[in-house]
Amino acid sequence: MNESLYTLVKQSKTDNNSLEIVIELFSAKIDRSLQQTKQQYREDLSQELKIKLLDCIRNYEVENTPGYFEMLDILEEKDIQYYQGG
Amino acid sequence: MKDLFSSSSTNVENYLNKFEKHLQNPVIKSFLEIPDNMDLLVEVIENPTNLSKKKLDDTFREYYFTIRFTNYLSQTIYFNAINYDKKVNLYLERNKSILDCQLKDRYVPLLDYLASKEWQEEGQEVYITSSNIADHLTSYSLYKAIQFLTENQRQLLNLTYIYGLNDSEIAVYLNKSQQAVSRSHKKALKKLKNSLKTDREGRGRNE
């Protein structure tokens with residue numbers, strides 16, 4: 001895989017190929033969760049999960065992920081809240 | 001972590017001391033355990049330009065995103081799979097069907113098993129496209145009986161049982177009255193019934 005997950009998900013909003021690759025990346029996890037259901041429903045479940053993933057990937061706010069300095073700020077804030085609360 | 005960078009300047013050491021608490025955060029800790037990322041941080045501390053800061057920021061964002069997003073999707077898959085199962089079970093609970101039940105010694109539901117077995121034994125197509133009712137019969141006695149019907153009666157049975165028309169529709173089609181169609185329909189069935197009966201009795205005598 002040349003592209004990172006980050007770029008792929010970003011591209012998925014407009015590019016169906018990237019979307020397909022991301023879903024493919026998670027196919028192992030999907031297959032594993034199929035084990036818990038009965039044989040005759042596995043195909044249906046697999047489809048349902050893929051539809052769900054499609055939604056999740058498309059609607060995920062990639063830009064909301066904090067950068068390094070933002071992360072430090074968040075941790076700092078949490079600390080303050082923690083001390084104030086305590 | 002400080003030991004790793006004994007060669008680095010006091011700036012870095014000060015920084016690490018200052019933020020030690022935050023550097024214990026699992027995400028930041030694992031991020032900085034990758035040597036390349038640590039180099040980026042050292043670069044920022046030693047030479048805090050916008051470019052180096054942005055590089056560190058972006059690298060971290062990508063790193064954190066991968067963790068967050070993977071976790072998010074894994075959880076989504078896990079919980080949705082469980083919910084789907086619950087939904088299916090609820091549906092089955094409310095719509096019980098014996099044909100759907102799993103057979104003990106086979107891997108298919110009863111319905112599939114019946115279907116496959118039936119066609120194996122018959123050795124014929126599932127759909128017969130013939131419009132002649134004699135081609136649809138599986139009983140030899142009935143096949144013989146149907147040969148005794150008149151052409152009109154056979155046509156009537158074709159229309160009723162193959163094309164699924166009702167008596168009034170057939171009446172329009174054949175340009176007869178509905179009562180006439182109904183009468184000859186009944187007569188045809190009665191004739192078949194009698195033929196089957198005599199056939200059965202005849203066989204009974206022979207045996």
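**Exercise 1: Two helices from two chains**

Helix α4 (residues 42-59) of chain A and α5(B) pack at an angle of about 140°, with their axes 10 Å apart. The model is a predicted one, in which local features need pLDDT of at least 70 and side-chain atom pairs count only at pLDDT 80 or more, while totals for chains, interfaces and linings use all residues. Residues are numbered from 1 along each chain as its sequence is written, and chains are lettered from A and ligands numbered from 1 in the order in which they are written.

Task. Describe how α4(A) and α5(B) are arranged and state which residues meet.

Solution. 

Step 1. Two packed helices are described by the angle between their axes and the distance between the axes. Axes are lines fitted to C-alpha atoms, for helices over the stretch in contact, and angles run from 0 to 180 degrees between N-to-C directions. Helices (H or I, at least four residues) and strands (E, at least two) are DSSP runs, numbered from the N terminus.

Step 2. The angle of about 140° makes α4(A) oblique to α5(B). Angles under 35 degrees count as roughly parallel, over 145 as roughly antiparallel, 65 to 115 as roughly perpendicular and the rest as oblique.

Step 3. The crossing of the pair α4(A) and α5(B) is right-handed. A crossing is left-handed if the near helix is turned anticlockwise from the far one by less than a right angle, and right-handed if clockwise.

Step 4. From α4(A), the residues Leu45(A), Glu48(A), Leu49(A), Lys52(A), Leu53(A) and Cys56(A) meet Leu73(B), Thr76(B), Ile77(B), Asn80(B), Ala81(B) and Tyr84(B) of α5(B). By class, the residues of this contact are eight nonpolar, two polar and two charged. Ala, Val, Leu, Ile, Met, Phe, Trp, Tyr, Cys and Pro count as nonpolar, Asp, Glu, Lys and Arg as charged, and the others, Gly among them, as polar.

**Exercise 2: The whole interface**

Task. How many residues of chain B are in contact with chain A, and which helix of chain B supplies the largest share?

Solution. 

Step 1. On chain B, 27 residues are in contact with 29 residues of chain A; two residues are in contact if their C-beta atoms, placed from the backbone, lie within 7 Å.

Step 2. Helix α5 (residues 50-94) of chain B gives the largest share of that side, 21 residues.

Step 3. The side of chain B that touches chain A has 15 nonpolar, six polar and six charged residues.

**Exercise 3: A residue of α4(A)**

Task. Is Arg58(A) buried or exposed, and which residues does Arg58(A) touch?

Solution. 

Step 1. Arg58(A) is placed in helix α4 of chain A.

Step 2. With 12 other C-beta atoms within 10 Å, Arg58(A) is exposed. A residue is buried if 20 or more other C-beta atoms lie within 10 Å of its own, exposed if 12 or fewer, and partly exposed in between; C-beta atoms are placed from the backbone.

Step 3. Not counting residues up to four places away in sequence, Arg58(A) touches Ser12(A) and Lys13(A). The C-alpha atoms of Arg58(A) and Gln11(A) are separated by 9.4 Å, with the two residues 47 apart along the chain.

**Exercise 4: A loop residue**

Task. Where does Asn175(B) lie?

Solution. 

Step 1. Asn175(B) lies in the loop between α9 (167-174) and α10 (178-206) of chain B.

Step 2. Asn175(B) has a positive phi of about 60° although it is not a glycine. Most residues other than glycine have a negative phi.
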